[in-house]
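These are my notebook entries on a structure I am opening for the first time. I write down what I looked up, entry by entry.

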Amino acid sequence: MEKLQRFGGAMFTPVLLFAYSGIILSLAILCQSELVFGSFASDGTFWKNIWSIIETGGWTVFNHIELLFVIGIPIGLADKANARAALESFVVYTTFNNFVSKILEIWGQNFNVDFTQEVGGTSGLKMIAGVKTLDTNIIGAIIVAAIVVWIHNRYFEKKLPDWLGIFQGSSLVAIIGFFFMLPLAFATASIWPIVQGGISTLQGLMLNSGVFGVWIYVFLERILIPTGLHHFIYQPFIYGPAAIAGGIEQGWLQQLNALASNPAPLIEQFPYGGFGLHNMSKFFAPIGIGAAFYATALPEKKKETLSLIVPTAITAMLAGITEPFEFTFLFIAPPLFLLHSLLAATFASTLYLFGVVGDIGSGFIAILSKFIIPMSINHLDSVIKLFIIGFIYSVIYFYVFKFVILKKDYKTPGREVNAGVKLYSKQEYKAKKAGENLKISDADQYRQSAEIYLAAFGGRTNIEEVTNCATRLRVSVKDVSLVGDDQEFKLGGAHGVVRKGKAFQIIVGLSVPQVREEFEKLLKQ
């Protein structure tokens with residue numbers, strides 16, 4: 001489980017690049033719509049040309065999604081020399097695709113692949129880094145990257161005889177990877193066309209499952225967040241071929257103008273869009289959850305609770321960053337997290353039932369650019385349904401959470417009898433004691449947080465392994481008895497701590513890559 005969690009976290013590294021690109025693309029595509037901008041957006045106009053250039057740049061991330069995973073996964077998984085591991089992974093992956101390409105060029109018919117077809121469509125072929133090969137999407141990239149990481153961790157520091165010294169390090173990893181890729185390329189040419197057929201069948205099964213399929217998908221995506229395995233649920237749908245070739249996000253953006261222009265119901269035009277609704281709870285749930293936290297807070301702590309909840313809720317609604325909410329009640333009261341997962345799945349299913357579909361995005365900025373503005377032209381009813389149903393569920397969240405918090409007497413923010421509402425970092429705590437308003441740079445904050453966490457773990461000699469996922473610093477220790485209590489970690493700004501044997505997860509937030517970097521620097525001192 002620990003290895004799967006680490007792997008799932010590493011997969012999130014390239015995903016962080018998609019949010020910005022998606023927003024840029026949706027805006028660029030929208031600005032080229034004559035339905036919105038009239039003659040300004042006609043072919044050949046300066047306006048149209050400028051936005052078409054911006055759109056081309058926006059597609060960079062999505063057009064090279066395999067390369068992002070091949071490079072990104074080693075950054076998160078390599079035990080040492082992560083940058084070199086990323087380079088090795090790129091070299092080995094392109095070698096793999098060249099092998100597959102030549103194999104299909106020679107024996108394509110033996111594998112039921114017509115290699116003379118153009119890439120795309122139903123051919124099962126794709127151009128990757130200039131090579132015409134099988135479209136294994138992120139699955140192939142992940143498998144190759146995992147193999148390279150395994151080779152790198154075992155052989156990167158292997159000492160060869162002096163006369164073979166030129167072949168050690170990254171060269172040795174690439175050499176071993178070269179010979180690993182040859183049989184893998186033959187296996188891929190033999191098996192992947194069958195897998196592509198299976199994916200097509202799975203797509204039909206999911207579409208035929210309707211509301212129930214959407215409910216199961218969203219529930220699993222939410223409930224698996226604490227384990228880090230939720231990446232394995234949504235990434236094949238959103239960025240991979242589980243529902244549509246190229247992924248739901250890319251398909252939605254490619255068809256955005258056509259979908260907006262066609263008055264036919266969105267659920268008919270983009271039926272797999274129900275699997276793009278898993279982030280909708282990120283916008284509407286914080287409203288109800290935050291209100292429930294405030295309503296159940298102790299009278300003398302309501303003001304403090306409000307000052308904590310308002311900025312957190314606004315951040316969640318604007319940017320889709322909900323970790324402070326989710327991990328607060330995950331650690332204080334796990335049943336509330338189960339409740340949240342059930343409500344989120346039911347919310348998405350209700351939207352789908354009423355015909356609201358699409359890669360709508362998380363956070364108001366993404367929702368506005370990818371759904372509200374373009375769909376207001378011919379699908380205003382879907383926009384209205386999104387907000388009516390969404391706010392109804394905000395109210396449901398409020399009453400359900402309020403009832404359960406009071407019924408079970410959970411100590412959610414503002415209900416702690418002997419503790420303050422705010423969790424202070426070490427520097428804030430010292431400043432508060434001294435009556436000062438301490439201001440330090442971001443870099444110093446990351447460093448100080450890392451110092452606090454390292455001390456809480458019992459020092460550098462107690463650290464076995466360090467990695468991270470989207471929001472959590474994952475650390476394995478040698479001696480559990482040397483690890484401090486949760487409050488010691490909270491002094492460094494942590495939202496909570498997950499403990500499982502010698503494996504620990506420190507809930508840091510989206511600044512975890514910077515904190516990990518400082519943490520590893522301290523280990524090397």
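**Entry 1: Asn 257 and its surroundings**

I began with Asn 257, which touches Ile 29, Leu 30, Gln 32 and Ser 33, not counting residues up to four places away in sequence; contact here means heavy atoms within 4.5 Å. I noted that the model is a predicted one, in which local features need pLDDT of at least 70 and side-chain atom pairs count only at pLDDT 80 or more, while totals for chains, interfaces and linings use all residues. I also noted that residues are numbered from 1 along each chain as its sequence is written, and that side-chain values use heavy atoms, with hydrogens and water left out.

Asn 257 lies in helix H12, residues 256-261; helices (H or I, at least four residues) and strands (E, at least two) are DSSP runs, numbered from the N terminus. Its relative accessible area is 27%, so I put Asn 257 down as partly exposed, given that buried means under 20% relative accessible area, exposed over 50% and partly exposed in between, with a 1.4 Å probe and protein chains only. I then looked up Leu 35, which is 222 residues from Asn 257 in sequence, yet the two are 9.1 Å apart in space, C-alpha to C-alpha.

**Entry 2: Lys 102**

I found Lys 102 in helix H7, residues 82-107, and recorded it as partly exposed, with a relative accessible area of 43%. Lys 102 and Thr 133 are separated by 31 residues in sequence and by 8.5 Å in space, taken from C-alpha to C-alpha.

**Entry 3: two loop residues**

Asn 279 sits in the loop between helix H13 (266-269) and helix H14 (281-296). With a relative accessibility of 15%, Asn 279 counts as buried, and beyond its neighbours within four places in sequence it is in contact with Arg 222, Gly 361 and Ser 362.

Which residue does the UniProt annotation "active site" cover? The unreviewed entry places this annotation on Cys 469; UniProt positions are given in the numbering used here, feature names are shortened, and annotations may be inferred rather than shown by experiment. I located Cys 469 in the loop between strand E3 (463-468) and strand E4 (472-477), where its relative accessible area of 3% makes it buried.

**Entry 4: salt bridges**

How many salt bridges does the structure hold? I noted 13 salt bridges, each being a side-chain nitrogen of Lys or Arg within 4 Å of a carboxyl oxygen of Asp or Glu.

One of them joins Lys 370 to Asp 359, with the closest N and O atoms 2.6 Å apart. This pair links distant parts of the chain, since Lys 370 belongs to helix H18 (residues 364-375) and Asp 359 to the loop between helix H17 (334-353) and H18, 11 residues apart. Lys 370 is buried, at a relative accessible area of 5%, and Asp 359 also counts as buried, at 5% relative accessibility.

Glu 518 forms a salt bridge with Arg 447, the closest N and O atoms lying 3.4 Å apart. Here too the pair links distant parts of the chain, with Glu 518 in helix H23 (residues 512-524) and Arg 447 in helix H21 (residues 442-456), 71 residues apart. I noted Glu 518 as buried, at 12% relative accessibility, whereas Arg 447 is partly exposed, at 23%.

Glu 518 forms a salt bridge with Lys 521 as well, at 3.5 Å between the closest N and O atoms; these two are three residues apart in helix H23, and so are separated by about one helical turn. Lys 521 is partly exposed, with a relative accessible area of 41%. Finally, I recorded that Arg 447, Glu 451, Glu 518 and Lys 521 are linked in a network of salt bridges.

Helix H19 (residues 380-408) has 29 residues and reaches 42 Å from its first C-alpha to its last, close to the 42 Å expected at 1.5 Å a residue, where the expected span is 1.5 Å times one less than the number of residues. Asp 409 follows H19, and its phi is positive, near 55°.

I then turned to H14 and H19, whose axes come within 8 Å and cross at roughly 35°; axes are lines fitted to C-alpha atoms, for helices over the stretch in contact, and angles run from 0 to 180 degrees between N-to-C directions. The residues that make the contact include Phe 283, Phe 284 and Ile 287 of H14, and Phe 387, Phe 391 and Tyr 397 of H19.
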